[in-house]
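Subject: Structure handover

Hello,

Here is the structure I said I would pass on. Please open it alongside this email.

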Amino acid sequence: MSRVWNIVLGVVGWGVLLAYLVVAARYCSGRQEARVVRQVRVVVRDSARQRVITPGMVRGWLEREGIRTKDMPLAEVDLRRIRELVTGRGYVRDAKVYTDFDGVLHIELSQRHPVARVNTYNGYNFYITDDGYILPLQPHEVLYVPVITGSFTPPFSRTYVGPLSEALPEAQKKSSENYRFFRKLINFVKFIERDDFWRAQIVQIQVSESPAPQGDPAWQEPQVEFVPRAGDHVVGLGPLDDVEAKLAKLLDFYRDALAYEGWDGPKYINLKFRNQVICTK
């Protein structure tokens, strides 16, 4: 008999719990439907490091797309559409969009970080980010990153925006000397970005392309020079091979020679040859 009562009580208990959960869910659902968006809170991570995107820009994107948020019932806010809109902007790496019970629509995003600007003589003008993304210039925003100038041609069209990895078909990447060189160039500027001294010292990078087109036996990898912030000289790296070793050699030269002779002595410092620093005045 006692076993039967235990079973009955168990069934009744589970029934009461289930009824409570159903009522609570309906109550919460009703409360959610009654609530409206009182505030849109936009958080841009890493904005102290580099301000590419502002909360005002994000609100402007919503307004131009006709996405209404203020006073909208929380249940009717299209969170997926808002996230797709935000992440569709090239400068946004990732975004999280959600609402809370206080009626706040949260948009939290992380930015891509440009590490260099390319501005060539033949009309290319864009940013390279630390994750290898090609971005157009941001209107009315000046980013203090090294500028890459010269007569070389990047391995994509002037209007291309997107990951460098998708700029060319896989088969074409393998045969493109230009693509491989551009990868080296990105790795070079990423190395500069990671190093406090070189990030402060290197302000302009000059690339000189071989006159022979790529694929021609006479084609050679472009030669690279840079203009330092301190001193009145230009540094020639030659091709982008053994860059870290070349810069370590230059740093030793700065410490051992220019510290005593003065920064205004040499006009050109050539690091192209292994284990040599050649200066001309």
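Predicted model: local features only at pLDDT ≥ 70, side-chain atom pairs only at ≥ 80, totals over all residues.

Residues are numbered from 1 along each chain as its sequence is written, and side-chain values use heavy atoms, with hydrogens and water left out.

The three-stranded sheet

Helices (H or I, at least four residues) and strands (E, at least two) are DSSP runs, numbered from the N terminus. Strands E1, E3 and E2 form, in that order, an open sheet with mixed pairing; two strands pair if DSSP finds at least two bridges between them. E1 (39-45) and E2 (92-99) each have a single partner strand and stand at the edges, so one side of each has no neighbour in the sheet. From one strand to the next, the twist averages 15 degrees. Strands of a sheet pair through backbone hydrogen bonds, either parallel or antiparallel. E2 and E3 run antiparallel and are joined by seven bridges. Thr99 has Leu105 in E3 as its bridge partner.

Two helices go with this sheet. Helix H2 (residues 55-64) lies across E1, E2 and E3, at about 125 degrees to E1. Helix H3 (residues 79-87) packs on the sheet and touches E2 and E3, and its direction makes about 160 degrees with that of E2. For these angles, axes are lines fitted to C-alpha atoms, for helices over the stretch in contact, and angles run from 0 to 180 degrees between N-to-C directions.

Glu108

Glu108 belongs to strand E3 (residues 104-111). Is Glu108 buried or exposed? Its relative accessible area is 17%, so Glu108 is buried. Buried means under 20% relative accessible area, exposed over 50%, and partly exposed in between (1.4 Å probe, protein chains only). The Glu108 side chain makes polar contacts with the side chains of Arg45 (3.4 Å) and Tyr98 (2.8 Å). A polar contact is a pair of N or O atoms within 3.5 Å; within protein, one must be able to donate a hydrogen and the other to accept it, and residues adjacent in sequence count only if both atoms are side-chain atoms. Leaving aside neighbours within four places in sequence, the residues in contact with Glu108 (heavy atoms within 4.5 Å) include Val43, Asp94 and Lys96.

The cores

A nonpolar core is a set of buried Ala, Val, Leu, Ile, Met, Phe, Trp, Tyr and Cys residues joined through side-chain atoms within 4.5 Å. The largest has 40 residues, and among those touching the most other members are Ile148, Phe182 and Trp198. Helix H5 (177-194) is one of the elements that supply at least two residues each; H5 gives the most, with nine residues. A second, separate core of 28 residues includes Val77, Tyr91, Ile107 and Leu135.

Aromatic pairs

There are ten aromatic pairs in the structure. Rings of Phe, Tyr and Trp (its six-membered ring) pair if their centres lie within 6.5 Å; planes under 30 degrees apart count as stacked, over 60 as edge-to-face and the rest as tilted. Phe156 and Tyr160 form a tilted pair, 5.6 Å centre to centre with 45 degrees between the planes, and both residues are buried. The Phe197 and Trp198 pair is edge-to-face because the planes stand at 75 degrees, with the ring centres 4.8 Å apart. Trp198 is buried, at 3% relative accessible area, whereas Phe197 is partly exposed, at 35%.

Regards
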